[in-house]
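Here is a briefing on the fold, its sheets and its helix packing. Please read it alongside the sequence and the model.

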Amino acid sequence: MTISRRNLIKAGLAVGMASSNTFCLRAQAAPTADRRSATVRMVIDNLSNFDPCVSSADATLGHALAIYDTLFSVDSKLVPQPQMVGRWSVSDDKRIYTFVLRDDLSWHDGTPVTAADCVASIRRWGQVTAGGQLLMARATQISKEDDRTFKIALKQPLGILLNILTGPFVMREKDANQPATEQVTANIGSGPFRFNHALAKPGASFTYDRNEKYVPRSEPSDGLAGGKIVRLDRVIWDIGLLASQQTAVAALQAGEIDFILAPPVDLLPVIDSDPNLELRVLNRLGNDYVLRMNCLQKPFDNVKARQAILHLVDQEAMMRAAVGNPDYFSPVTSMFGNKTPMTNDENTGWYKKGGDPEKAKQLFKEAGYAGEKVVILQPTDWAESSNTAQLLAKQLRDIGVNAELAPSDWAGLVAHRAKKGPVEDGGWSIFITTNSEASLGDVASNSSFAMNGEKGWYGWPQDDQYETLRAAWSDVETLEERKIIARKMQKIWWDYVPSVLLGQSVTPSATRKTLTGFPEVPGWYVALWNIESA
């Protein structure tokens with residue numbers, strides 16, 4: 001239900017990482033005879049696609065984090081740190097990077113991880129993501145030097161290369177050689193958990209077993225970086241209970257399951273009052289709710305109409321509809337979110353607590369609005385987005401706009417939003433989604449930041465001056481330089497208004513108090529390592 005939560009990369013290189021050494025522990029110890037086998041059941045999301053190259057869904061990302069590993073990972077400050085890479089170096093002209101894998105990396109089938117696997121994985125991933133495409137456009141060579149060493153040569157320096165390399169999950173070469181549009185279903189990685197094919201029950205549950213041969217790094221766990229120590233023997237990802245959230249909460253209370261990633265907001269008081277349960281926010285950066293408009297079709301092909309939506313939105317009302325409890329939401333005015341290094345206040349004078357319906361009405365008049373139908377896509381299986389869509393429709397009708405809801409499940413919405421034509425031909429005007437705060441600091445990899453017209457992300461805004469700035473953001477080497485460019489980008493963004501912010505929220509997860517050690521993550525998913533069951 002998201003557009004870019006998988007983009008966990010963040011601007012800001014740690015210069016000192018160039019001298020990183022290989023740090024690792026011995027393989028995970030097998031359970032001892034005096035230790036109770038730890039199996040937990042979790043209700044997370046509907047996992048329907050296993051391949052993080054083919055799908056950007058949160059469920060797919062959570063699955064990939066369990067069974068695969070990455071070359072670099074972001075820490076809690078969203079700075080890239082080596083993960084599979086043991087050490088790396090860069091030439092004086094900053095055009096040639098050399099990476100050496102750390103020791104003891106092996107696939108779940110027992111074969112060693114090689115540099116060839118890494119090269120193939122980067123190339124496949126580079127076909128389908130904004131950051132990957134930027135890397136492929138800048139690279140003159142991505143090649144294996146020996147079994148543990150690979151090299152990336154660039155046409156010109158690329159200051160965010162390490163940030164980009166937090167993106168691709170490394171697969172076996174033979175899997176990564178499959179087309180990037182075809183799903184890899186082998187599910188053989190090198191990560192801390194093994195996918196149990198024998199117990200896989202699509203539509204009901206999937207099972208992940210502890211990878212006893214996994215060698216974690218020795219650094220403390222920090223965000224998605226550091227040591228991934230597995231303390232659970234088995235995790236059962238329960239999909240069947242997603243059909244009834246009330247049943248899932250009852251099962252949590254009864255001890256039949258141990259964790260619910262996103263419990264319904266109306267049941268949070270019930271969970272909070274149970275002495276055996278606890279509400280925990282795993283992603284403290286949170287998510288930003290975003291309203292996206294079709295800039296190709298009436299009425300939002302006119303900038304005045306887009307600006308009208310900017311002034312119409314009452315963020316507090318929207319977040320009450322989506323989240324409910326004000327303890328879990330706040331307003332947001334920067335296109336880069338509330339909590340990233342790119343966050344700034346440039347051109348944010350439009351914000352007004354409660355919105356400004358009269359100004360919105362005037363702007364629609366200036367746009368020449370003549371009663372054209374405004375079709376709002378409404379995902380009926382995602383309550384938060386559905387609720388905000390209904391509220392938006394009412395607010396538009398209140399100022400005389402012919403707003404109509406188009407209900408469907410999320411899969412139907414995804415298919416619908418790909419249509420670029422007018423609403424009379426099955427097109428759309430508005431849909432609502434979310435962005436992880438973490439992804440909002442990464443201009444290069446967040447596809448929703450593009451304003452390159454019909455080549456870009458849904459809504460298809462176009463502004464050549466902005467695109468020049470977006471390209472320049474990736475070229476500069478210092479964080480301060482990126483911040484300066486980010487302000488210039490935001491000035492254009494809020495003049496053009498390709499999308500409108502509805503508010504920022506954090507989502508509490510529900511867990512039995514017997515589970516501890518959850519890593520904090522920069523997205524709407526759960527990392528399975530370091531969790532303990534009493």
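Two strands count as paired if DSSP finds at least two bridges between them. On that basis, four strands make an open sheet in the order 5-6-8-7, with antiparallel pairing. The model is a predicted one.

**Overall build**
- The protein's secondary structure amounts to 14 helices and 23 strands.
- Its radius of gyration is 23 Å, close to the 24 Å from the globule rule for 534 residues, so the protein is as compact as a globular protein of that length.
- Along the principal axes, the C-alpha atoms of the protein fill a box of roughly 70 × 60 × 40 Å.
- Of the 534 residues in the protein, 59% are buried.
- Among contacts between residues at least 6 apart in sequence, 74% join residues at least 24 apart.

- Strand 5 (residues 85-90) and strand 6 (residues 96-101) run antiparallel and are joined by five bridges.
- Within that pair, Arg87 lies opposite Val100 of strand 6.
- Strand 5 and strand 6 form a hairpin, with five residues between them. In its turn, Lys94 has a positive phi of about 60°.
- Six bridges link strand 7 and strand 8 (residues 149-154), again in the antiparallel sense.
- Lys144 has Phe150 in strand 8 as its bridge partner.

**Helices on the four-stranded sheet**
- Helix 2 packs on this sheet and touches strand 6, strand 7 and strand 8. The direction of helix 2 makes about 160° with that of strand 7.
- How many residues of helix 2 (residues 115-125) are buried? The count is 10 of its 11 residues, which leaves the helix mostly covered.
- The buried residues of helix 2 include Asp117, Arg124 and Trp125. Also among them are Cys118, Val119 and Ile122.
- Helix 3 (residues 130-138) lies across strand 7 and strand 8. Helix 3 runs at about 90° to strand 7.

- Another open sheet has seven strands in the order 10-11-12-1-13-21-14, and its pairing is mixed.
- Its edge strands are strand 10 (193-195) and strand 14 (277-281), each pairing on one side only.
- Strand 11 (residues 205-210) pairs with strand 12 (residues 234-238) over five bridges, in the antiparallel sense.
- Asp209 stands opposite Arg234, which belongs to strand 12.
- Helix 1 (residues 58-67) lies across strand 10, strand 11 and strand 12. Helix 1 runs at about 115° to strand 10.

**Helix 8 against helix 14**
- The axes of helix 8 (residues 303-312) and helix 14 (residues 479-496) come within 8 Å and cross at roughly 100°.
- That angle makes helix 8 roughly perpendicular to helix 14.
- Helix 8 brings Val303, Arg306, Gln307 and Leu310 to the contact, where they meet Trp494, Asp495 and Tyr496 of helix 14.
- The residues of this contact divide into four nonpolar, one polar and two charged.
- An α-helix has 3.6 residues a turn, so residues three or four places apart point the same way.

Notes:
Residues are numbered from 1 along each chain as its sequence is written. This is a predicted model: local features need pLDDT of at least 70, side-chain atom pairs count only at pLDDT 80 or more; totals for chains, interfaces and linings use all residues. Side-chain values use heavy atoms; hydrogens and water are left out. Helices (H or I, at least four residues) and strands (E, at least two) are DSSP runs, numbered from the N terminus. Buried means under 20% relative accessible area, exposed over 50%, partly exposed in between (1.4 Å probe, protein chains only). Axes are lines fitted to C-alpha atoms, for helices over the stretch in contact, and angles run from 0 to 180 degrees between N-to-C directions. Angles under 35 degrees count as roughly parallel, over 145 as roughly antiparallel, 65 to 115 as roughly perpendicular and the rest as oblique. Contact means heavy atoms within 4.5 Å. Ala, Val, Leu, Ile, Met, Phe, Trp, Tyr, Cys and Pro count as nonpolar, Asp, Glu, Lys and Arg as charged, and the others, Gly among them, as polar. The radius of gyration is taken over C-alpha atoms; the globule rule is 2.2 Å times the number of residues to the power 0.38.
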